[in-house]
Amino acid sequence: MISRRLVQLVEQSADRLTNDLIAAVRRDPRSAAYHRLSDQDLHERALDLFRNLGLWLSARTEFAVQTRY
């Protein structure tokens, strides 16, 4: 089980994690599909995920995750 404290730390660090993720995606040739997206689009998507991690994990249904992401 994932600790609530860990989820809170991720959500609180969403801005830094988002910037780190964008930099990693841009460097990694295995993420070529994401290279087509603008930095702004990547930023919005990643920030949404990190800021709402608790909601995403608590949904616990594949349908809920597919609907949102």
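Student: In this predicted model, which residues does Thr 18 touch, not counting residues up to four places away in sequence?

Tutor: A contact here means heavy atoms within 4.5 Å, and once residues up to four places away in sequence are set aside, Thr 18 touches His 43, Ala 46, Leu 47 and Phe 50. Thr 18 itself lies in helix α2, which covers residues 14-27.

Student: Does Thr 18 count as buried or exposed?

Tutor: Buried means under 20% relative accessible area, and Thr 18 counts as buried because its relative accessibility is 0%.

Student: Which residues make up the largest nonpolar core?

Tutor: In soluble globular proteins, nonpolar side chains tend to be buried together. Here the largest such core has seven residues in all, namely Val 7, Val 10, Ala 14, Ala 46, Leu 47, Phe 50 and Leu 53. Both α1 (4-12) and α4 (39-51) supply at least two residues of this core, and the largest share, three residues, comes from α4. Leu 47, a member of the core, is in contact with Ala 14, Asp 15 and Thr 18 when its neighbours within four places in sequence are left aside.

Student: At what angle do α2 and α4 pack?

Tutor: The angle is about 135°, with the axes of α2 and α4 9 Å apart. Angles over 145 degrees would count as roughly antiparallel, so α2 and α4 are oblique to each other. The crossing of α2 past α4 is right-handed.

Student: How do the residues of the contact of α2 with α4 divide?

Tutor: They divide into nine nonpolar, three polar and four charged; among them are Leu 21, Ile 22 and Arg 26 in α2, and Asp 39, Leu 42 and Arg 51 in α4.

Technical notes:
Residues are numbered from 1 along each chain as its sequence is written. This is a predicted model: local features need pLDDT of at least 70, side-chain atom pairs count only at pLDDT 80 or more; totals for chains, interfaces and linings use all residues. Side-chain values use heavy atoms; hydrogens and water are left out. Helices (H or I, at least four residues) and strands (E, at least two) are DSSP runs, numbered from the N terminus. Buried means under 20% relative accessible area, exposed over 50%, partly exposed in between (1.4 Å probe, protein chains only). A nonpolar core is a set of buried Ala, Val, Leu, Ile, Met, Phe, Trp, Tyr and Cys residues joined through side-chain atoms within 4.5 Å. Axes are lines fitted to C-alpha atoms, for helices over the stretch in contact, and angles run from 0 to 180 degrees between N-to-C directions. Angles under 35 degrees count as roughly parallel, over 145 as roughly antiparallel, 65 to 115 as roughly perpendicular and the rest as oblique. A crossing is left-handed if the near helix is turned anticlockwise from the far one by less than a right angle, and right-handed if clockwise. Ala, Val, Leu, Ile, Met, Phe, Trp, Tyr, Cys and Pro count as nonpolar, Asp, Glu, Lys and Arg as charged, and the others, Gly among them, as polar.
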